Amino acid sequence: MYKPKLEKDIRCPLEYGLDIFGGKWKSRVICVLAKKKLLRYSVLRREITDISDAVLAAALKELISDDIVQRKQYDEIPPRVEYCLTTKGASVVPILQSICIWSGAYHKDDSENSLLQCQKCDYQQ
């Protein structure tokens, strides 16, 4: 996993929040898990189109380390791993929904190119 040369210099709560759920992929992972509740890696990968395995794995590791996503591994053969939102992770969903509502008022709608999970989102106007 990528390790920055300098430590993060987070000085305010907004920077902390954007570091936790900001970026292109983390918010998508959170939204899909909020909708589906509990997913295996392969299903999560299918739900989030155009993401590589390396990027999804890195996003999940960061979300797990920030206590947003919980990873549960079962001692079975074949191995089974499931992901779900933690209480902390579920608490960010209303914030992301508010951002989605706000963005819907200003974002140019391009239905052909919108993400599959965004087309199913109940929070767009």
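## Cysteines

Counting a disulfide as a pair of cysteine sulfur atoms within 2.5 Å, the total comes to 0 disulfides. In general, a disulfide is a covalent bond between the sulfur atoms of two cysteines.

Cys12 is partly exposed, with a relative accessible area of 32%, whereas Cys84 is buried, at 17%. Here buried means under 20% relative accessible area, exposed means over 50%, and partly exposed lies in between, with a 1.4 Å probe and protein chains only. Cys84 belongs to β3, where it stands opposite Gln70.

## Basis of the model

This is a predicted model, in which local features need pLDDT of at least 70, side-chain atom pairs count only at pLDDT 80 or more, and totals for chains, interfaces and linings use all residues. Residues are numbered from 1 along each chain as its sequence is written, and side-chain values use heavy atoms, with hydrogens and water left out.

## Overall architecture

The protein has 6 helices and 3 strands. Helices (H or I, at least four residues) and strands (E, at least two) are DSSP runs, numbered from the N terminus. Along the sequence their order is α-α-β-α-α-β-β-α-α.

Of the 125 residues, 29% count as buried. The protein exposes about 9,000 Å², and carbon and sulfur atoms supply 56% of that area; accessible areas come from the Shrake-Rupley method with a 1.4 Å probe, and for residues only the protein chains shown count as cover. Among contacts (heavy atoms within 4.5 Å) with a separation of 6 or more, 47% are between residues 24 or more positions apart.

## Strand pairing

Two strands pair if DSSP finds at least two bridges between them. Strand β3 (residues 80-85) is joined to β2 by 6 bridges, and the two run antiparallel. A hairpin through 5 residues connects β2 to β3. Gln73 has Val81 of β3 as its bridge partner.

Strand β1 (residues 38-40) also runs antiparallel to β3, with 3 bridges between them. Strand β3 is largely enclosed by the rest of the structure, because 5 of its 6 residues are buried.

## Helix α2

Helix α2 (residues 26-36) has 8 buried residues out of 11, so it is largely enclosed by the rest of the structure. The buried positions are Lys26, Ser27, Arg28, Val29, Ile30, Val32, Leu33 and Ala34. After α2 comes Lys37, which has a positive phi, near 75°.

## The loop at Asp66

Asp66 is located in the loop between α4 (53-65) and β2 (69-74). Asp66 counts as partly exposed because its relative accessibility is 21%.

Leaving aside residues up to four places away in sequence, Asp66 touches Ile20, Lys26 and Lys88. Of these, Lys26 is one of the buried residues of α2. Lys88 lies 22 residues from Asp66 along the chain, and their C-alpha atoms are separated by 9.1 Å.
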